Structures are given as C-alpha cells and as structure tokens.
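Thanks for coming. I have one structure to go through, and I will keep it short.

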Amino acid sequence: MLTAEQMLAAQKANLETLFGLTSKAFEGVEKLVELNVTATRAALTEAAETAQSALSVKDAQEFLALQAGMFQPLAEKTAAYSRHLYDIASSAGAEFGRNVEAQMAESQQKFLSVVDSASKNAPAGSETAVAVFKSAVAAGNNALESVQKAVKQASEVAEANFNAVASTAGKTGTSARAKRGTAA
C-alpha cells in the first residue's frame, strides 16, 4: 500500500516538523528567560532604591507612607509580568496547536486515501464491511473536530477571563493611585 518513497517522505516531513517545533519551543524559552532577566534586573534596581529611601526615613509615619506607596506599583508590575508570561505561553501553545492540527489533517487525509485504496481492492461482497469502516472513520473524524472546537472555545474563554482580570487589576491600581493623590 505505502511505497518506500512515501514512507521516506513521511519520515522526512515528521523530522522537519519535530525540528520546527523544537525551534519554536526554544524561542519560547528564550523569551521567558529574557522576561525573567528583565524582571529580576528591575526588581534589584527597585530594591536598592527602596533600601536607600528606607534609610533616609525620619519618622514612623514617613516609613508607613513609603511602605504603602510600594504596594500598588508592585501589584501593577506583577500583573504586567503575568500578562507577558501569558502572552509567551499562549503564543507557543497556538503555534503548537496549529502544527498539530495541520499534522492531524494531513494524517487523516493519508488515512482516508489508504482506506479508499483498500476499499477499491476489497474482495467482492465486502462492501458492507467497507461502508461500516468508512462510517466509523467519519465518526471518529467528527468527534476529533468537536474536541478541537471545544478546546479552542475553552482557550478563548480562558483568555477572555485573563484579560478581564488584568483589566480589573489595572483599573483598581489606577483608582487607588487617584484616591491616594486626592487624599494627599
């Protein structure tokens, strides 16, 4: 059914896909490392500045004001970090998802081609068995498509929820700063 050339071509395509996905995974890791290095550098700089500010405090009220002023920027930076982390993860996940879908579609097409070829060469009287087999394959494909759609919908809902939480956190930070500014 499958020739040596077809098997070799399939193996070559699979190897190319593997190396492509590995490359994308390393790109994601590079972005993650870059994000963490940037965040760590900023945290160290801010820690040094905060320590200097704390050393120059003259009374307890000034110390409490300094301490209170640190919490809101920290929450905003944490939300920004989480957003960047989510963007990196979702980008890598989307790339893997597209690749998996393409590979599955290609595999389904090849499998259906083999089934059609086998059904044409099936012995007389096996039409019912071939029809049942084709029906089972079609049902499996439909189930797979339903699962893929459900996963996409769940991902979209998760992203919408994440965006809503990030937006709420940002608005809360802005309103807290505004209240602090009017109280001062």
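Predicted model: local features only at pLDDT ≥ 70, side-chain atom pairs only at ≥ 80, totals over all residues.

The protein chain has three helices and zero strands, so the pattern along the sequence reads α-α-α. Of the 184 residues in the protein chain, 8% are buried.

How do α1 and α2 pack? Helix α1 covers residues 4-55 and helix α2 residues 60-120; their axes are 12 Å apart, at an angle of about 180°. Angles over 145 degrees count as roughly antiparallel, and α1 and α2 are therefore roughly antiparallel to each other. By class, their contact has 13 nonpolar, nine polar and six charged residues.

Next, the surface. Leu15, Leu18 and Phe19 form a nonpolar patch there, and together they have about 320 Å² of accessible area. Leu18 lies in helix α1 and is partly exposed, with a relative accessible area of 48%.

Lys24 pairs with Glu27, with the closest N and O atoms 3.8 Å apart. Lys24 is partly exposed at 32% relative accessible area, and Glu27 is partly exposed at 33%.

In helix α2, Arg83 and Asp87 are four residues apart, again about one turn. Their side chains meet in a salt bridge at 3.2 Å, N to O.

Arg98 and Glu95 are also in helix α2, three residues apart, and the closest N and O atoms of their salt bridge are 2.7 Å apart. Glu95 is partly exposed, with a relative accessible area of 21%.

Technical notes:
Residues numbered from 1 in each chain as written. Heavy atoms only, no water. Axes fitted to C-alpha atoms, helices over the stretch in contact; angles between N-to-C directions. Helix = DSSP H or I, 4+ residues; strand = E, 2+ residues; numbered from the N terminus. Parallel < 35°, antiparallel > 145°, perpendicular 65-115°, else oblique. Nonpolar A, V, L, I, M, F, W, Y, C, P; charged D, E, K, R; others polar. Patch = residues over 30% accessible without salt bridge, like charges linked within 9 Å, V, L, I, M, F, W, Y side chains within 5 Å. Areas by Shrake-Rupley, 256 points an atom, 1.4 Å probe, with all protein chains shown as cover. Salt bridge = Lys/Arg side-chain N within 4 Å of Asp/Glu carboxyl O. Buried < 20%, exposed > 50% of the residue type's maximum accessible area, 1.4 Å probe, protein only.
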